[in-house]
Amino acid sequence: HKFTFIKKVVIFLEKKIGRYFCNEIIVNSKALVEYLKPNKSNLIYYTSPFEKKIKMNKNKEIAFLYLGGFWKMKGSESILGFIEKFNKKLFIFGMLNKKEKDIIGKIKSLEKLGLVYFVDRLPSLELEIKLLELSQKYKLIGFSLTQEVNISNATQEINKDIDYLAMGIPLIANHRKPTKEKIEAGCGVFIEDSLNIEKLLNSREFYQEISDNCIEYYNQNYAQNIFEKKLLEVVKNV
């Protein structure tokens, strides 16, 4: 923030390089389409490796899932507080910030109570096996509480959101714009919406309705066939 002129120079150069030296530009969020204007850019979303491989069962017990870096900027404090309040299991597959000793300590204490299960980051195929095992025991709900600490975090798509949708996992989320759009499309509930959270936890029908919405929304926006079609069109243009 003390060297804003550097940011302006880099933005200027980035847009000029995009305009004069690139045949095509591929981006993975609406925010980057806006950022690169008037340059032409191709919006091709991330597609999940879990598509059509894992699906939730409405008759199972509720548990919670978190994928990715688990630290304060990602909402770890709120998530652990939520787990304590509702006394539900949380499965974390990702990374911890070694500097956040309080979060690591909290995880260890909740692990002893059998509420939190932390697994360090896994390759996609191994993670798929773990998630498949979980889906046979639980119906999962995913957390997406990334804070808007900078422009990127405020505006970019988050891969784990798309992974949740692909598996039919409802989201509990904040109002960060790309995630808010998913909640408003019927793919989850906001973290402060206690009425609908209770409904999501206790009503099989409500859970199934949101789970179905997740898969439908994923298929309309992020599916593998959409990704392939758009990518081939870009290659063809070049």
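Two residues are in contact when they have heavy atoms within 4.5 Å of each other. The model on your screen is predicted, so local features need pLDDT of at least 70 and side-chain atom pairs count only at pLDDT 80 or more, whereas totals for chains, interfaces and linings use all residues. Residues are numbered from 1 along each chain as its sequence is written, and side-chain values use heavy atoms, with hydrogens and water left out.

Begin by selecting L131, which touches F50, I54, L65, L67, F93 and M167, if residues up to four places away in sequence are not counted.

Next, select F64, L65, L90, L131, F143 and I172, the residues that touch the most other members of the largest nonpolar core, which has 57 residues. Such a core is a set of buried Ala, Val, Leu, Ile, Met, Phe, Trp, Tyr and Cys residues joined through side-chain atoms within 4.5 Å, where buried means under 20% relative accessible area with a 1.4 Å probe, protein chains only. Strand β3 (residues 61-70) gives the most to this core, namely seven residues; strands are DSSP runs of E with at least two residues, and helices are runs of H or I with at least four.

Now show the open sheet of six strands, whose order is β5-β4-β3-β6-β7-β8 with parallel pairing, pairing being at least two DSSP bridges between two strands. Because β5 (116-120) and β8 (188-190) each have a single partner strand, one side of each is left without a neighbour in the sheet.

Finally, select L171 and find its bridge partner in β8, which is G188.

Definitions and conventions
Buried < 20%, exposed > 50% of the residue type's maximum accessible area, 1.4 Å probe, protein only.
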